[in-house]
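User: Can you walk me through this model? I'd like to start with the contacts and go on from there.

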Amino acid sequence: QVQPVESGGGLVQPGGSLRLSCLASRSITSTFWGLDMAWYRQAPGKQRELVALLTAGGVTTYADSVKGRFTISKDNAKKTVYLQMFSLKPEDTAVYFCNAVHSSYGSFWGQGTQVTVSS
């Protein structure tokens, strides 16, 4: 089983940067290698939306709204996925959730971390 644990959220001014981390706790290394990892976000009153996806095969996908500003990456040794966010805008304010999907074990969600972009 996998339990995603997010960290790194906080308050940042417009134009600033943050890096979110998602530790795939409880997973063994071989399981982590087989995971598709994604970051979603949900702003107040809005539906949860996909921000960035990194497949087990290394393919990345980004929402149009974050292309060129956000980068998803992973460290297999640390069983951790990162979301590096640059040039943050007030509209990036949301709770960011980490999602891990394994073809054999299913889908797992973290509890979320709040990102607030405000002056």
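**Contacts, core, disulfide and pocket**

Analyst: Start with Tyr96. Leaving aside neighbours within four places in sequence, Tyr96 is in contact (heavy atoms within 4.5 Å) with Glu6, Leu20, Trp39, Tyr40, Arg41, Val51, Phe70, Leu83, Met85, Gly112, Thr113 and Val115.

User: What ground rules apply here?

Analyst: This is a predicted model: local features need pLDDT of at least 70, side-chain atom pairs count only at pLDDT 80 or more, and totals for chains, interfaces and linings use all residues. Residues are numbered from 1 along each chain as its sequence is written, and side-chain values use heavy atoms, with hydrogens and water left out.

User: OK. How many residues are in the largest nonpolar core?

Analyst: It has 30 residues. Those with the most contacts inside it are Trp39, Val51, Phe70, Ile72, Leu83, Met85 and Tyr96. A nonpolar core here is a set of buried Ala, Val, Leu, Ile, Met, Phe, Trp, Tyr and Cys residues joined through side-chain atoms within 4.5 Å. Buried means under 20% relative accessible area, exposed over 50%, partly exposed in between (1.4 Å probe, protein chains only).

User: Which elements give two or more residues to this core?

Analyst: They are β3 (18–25), β4 (36–42), β5 (49–54), β7 (70–75), β8 (80–85), β9 (94–102) and β11 (113–117). Strands are DSSP runs (E, at least two residues), numbered from the N terminus.

User: Switching topic. How many disulfides does a search of the whole structure find?

Analyst: One. It joins Cys22 to Cys98, S to S 2.0 Å. The cut-off for a disulfide is a pair of cysteine sulfur atoms within 2.5 Å. Cys22 is in strand β3 and Cys98 in strand β9, 76 residues apart, so the pair links distant parts of the chain.

User: Left-handed or right-handed?

Analyst: Left-handed, with -80° about the S-S bond.

User: And are the two cysteines buried or exposed?

Analyst: Cys22 is buried, at a relative accessible area of 0%. Cys98 is also counted as buried, at 0%.

User: Where is Tyr82?

Analyst: Tyr82 is in strand β8. It counts as buried because its relative accessible area is 11%. Not counting residues up to four places away in sequence, Tyr82 touches Arg19, Leu20, Ser21, Trp39, Thr71, Ile72, Ser73 and Asp75.

User: What about Tyr62, what is it in contact with?

Analyst: Tyr62 sits in strand β6 (residues 60–62). Beyond neighbours within four places in sequence, its contacts are Val51, Ala52, Lys67, Phe70, Thr71 and Ile72.

User: Last one. How much space lies in the largest pocket?

Analyst: About 190 Å³. Of its 13 lining residues, the closest to the centre are Arg41, Ala43, Lys46, Glu49 and Glu91. A pocket is an open set of points on a 1 Å grid over the protein atoms alone, where a 1.4 Å probe fits, with protein on both sides within 12 Å along at least five of seven lines; lining residues have an atom within 4 Å of a point. The volume is the space filled by probe spheres set on the points, which are joined across faces, edges and corners.

How values were computed:
Helices (H or I, at least four residues) and strands (E, at least two) are DSSP runs, numbered from the N terminus.
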